[in-house]
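User: Hi! I've just opened a new model and would like to talk it through with you. Could you take a look?

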Amino acid sequence: DTRRVRGFHNAMGICASLVDEVSSKTSNNTGASFSADDMAQALKGSLEEGVRFAGETAAASGGFGKNGDIRIPWPDEAKQCADAMKEFGCAGLVTAVEDKLNLAAEAAAARAVEIFVRAVKDMSVTDAEAVLSGPDDAATCYLREQCTATLTGAMKPIVNDCLEECGVVLAWDAAHVGYDQIHVWNPNSEWPGTDISEYALNKAIAGLFVLVADKEKAIRLNPVSATLKIVQQVFGSFMK
């Protein structure tokens with residue numbers, strides 16, 4: 001979405017403008033500078049736009065289903081079952097489960113936005129410094145540590161409701177019944193004891209962090225992110 005990308009880059013401009021003003025005032029020998037808290041607020045504003053972008057992208061129609069990087073597949077532990085079903089003309093049941101898993105993840109992803117934003121707003125100056133000076137995935141690691149438990153608790157009931165509304169449970173049960181019908185001719189594999197709700201929840205959360213990581217990488221690699229290297233230097237100077 002061009003508007004969301006533009007909005008994200010505009011937010012990143014907060015950092016750029018702060019750095020420009022710091023550089024300008026320093027070069028003019030005014031002695032004026034921004035505090036570490038100012039720089040932390042600039043970073044948090046940029047990260048907030050980033051996590052909103054990730055959450056809203058995942059929640060959009062096709063956000064999971066049409067994104068090969070985060071599309072939720074048929075469970076790996078049931079692959080032999082899926083292969084057997086396809087062989088016996090039941091591929092439609094496999095596809096139905098996959099499609100509905102991704103619809104449920106998209107429906108639940110909207111709830112993640114405010115959880116991510118809250119974690120960013122709660123970031124301390126010390127946390128911000130660690131993110132700025134950390135590795136390429138420092139912000140993602142921070143958010144994963146801060147948000148996973150909250151995301152799991154908040155999204156679980158939503159995912160469960162979405163699984164019911166989207167028909168995932170019915171599709172999974174139908175696939176199980178379909179597999180039982182052909183199991184007589186293919187006794188080499190058993191239907192797994194997969195908890196489809198837990199599977200969907202874990203995959204949905206993992207997908208969100210993939211998007212957050214992609215956005216963080218973009219921040220650090222695109223032309224705007226070049227400014228972030230300066231921000232790291234300036235921010236570091238405040239902490240000395």
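Predicted model: local features only at pLDDT ≥ 70, side-chain atom pairs only at ≥ 80, totals over all residues.

User: Left-handed or right-handed crossing?

Analyst: Right-handed, as α5 passes α7.

User: How many residues of α5 are buried?

Analyst: Seven of its 10 residues, so α5 is mostly covered. The buried ones are A112, V113, I115, F116, V117, A119 and V120. Compare that with the contact to α7, where A112, I115, F116, A119 and V120 take part.

User: Nice. Let me zoom out for a second. How many helices and strands does the protein have?

Analyst: There are 10 helices and zero strands. Reading from the N terminus, the elements go α-α-α-α-α-α-α-α-α-α.

User: What share of the residues is buried?

Analyst: Of the 240 residues, 45% count as buried. The accessible surface of the protein is about 11800 Å², with 51% of that belonging to carbon and sulfur atoms.

User: OK, on to α4. What should its span be, and what is the distance between its end C-alpha atoms?

Analyst: Helix α4 has 19 residues, 91-109, and at 1.5 Å a residue they should span 27 Å. The end C-alpha atoms are 27 Å apart, so the two agree.

User: Which residues of α4 are buried?

Analyst: V94, V97, E98, L101, N102, A104, A105, E106, A108 and A109.

User: Pick V97 for me. Which residues is it in contact with?

Analyst: Setting aside neighbours within four places in sequence, V97 is in contact with W74, A171, W172 and A175. V97 counts as buried because its relative accessible area is 0%, under the 20% cut-off. V97 and C166 are also 69 residues apart in sequence, with their C-alpha atoms 9.8 Å apart in space.

User: And G92, is that one buried or exposed?

Analyst: G92, which lies in helix α4, is exposed: its relative accessibility is 51%, and exposed means over 50%. G92 and A175 are 83 residues apart in sequence, yet 9.1 Å apart from C-alpha to C-alpha. A175 also turned up among the contacts of V97.

User: Switching to loops. Where is N67?

Analyst: N67 sits in the loop between α2, residues 36-59, and α3, residues 79-87. Its relative accessibility is 19%, and because buried means under 20%, N67 counts as buried.

User: What does N67 touch?

Analyst: Not counting residues up to four places away in sequence, N67 touches G62 and L211.

User: Then tell me about G62: where does it lie?

Analyst: G62 is in the loop between α2 and α3 too. G62 is buried, with a relative accessible area of 15%. Neighbours within four places in sequence aside, G62 is in contact with N67 and E106, and E106 is one of the buried residues of α4. G62 and L103 are 41 residues apart in sequence, with 7.7 Å between their C-alpha atoms.

User: Great, thanks for the tour!

Note on methods. Residues numbered from 1 in each chain as written. Heavy atoms only, no water. Helix = DSSP H or I, 4+ residues; strand = E, 2+ residues; numbered from the N terminus. Expected span 1.5 Å × (residues − 1). Buried < 20%, exposed > 50% of the residue type's maximum accessible area, 1.4 Å probe, protein only. Left-handed = near helix turned anticlockwise from the far one by under 90°. Contact = heavy atoms within 4.5 Å. Areas by Shrake-Rupley, 256 points an atom, 1.4 Å probe, with all protein chains shown as cover.
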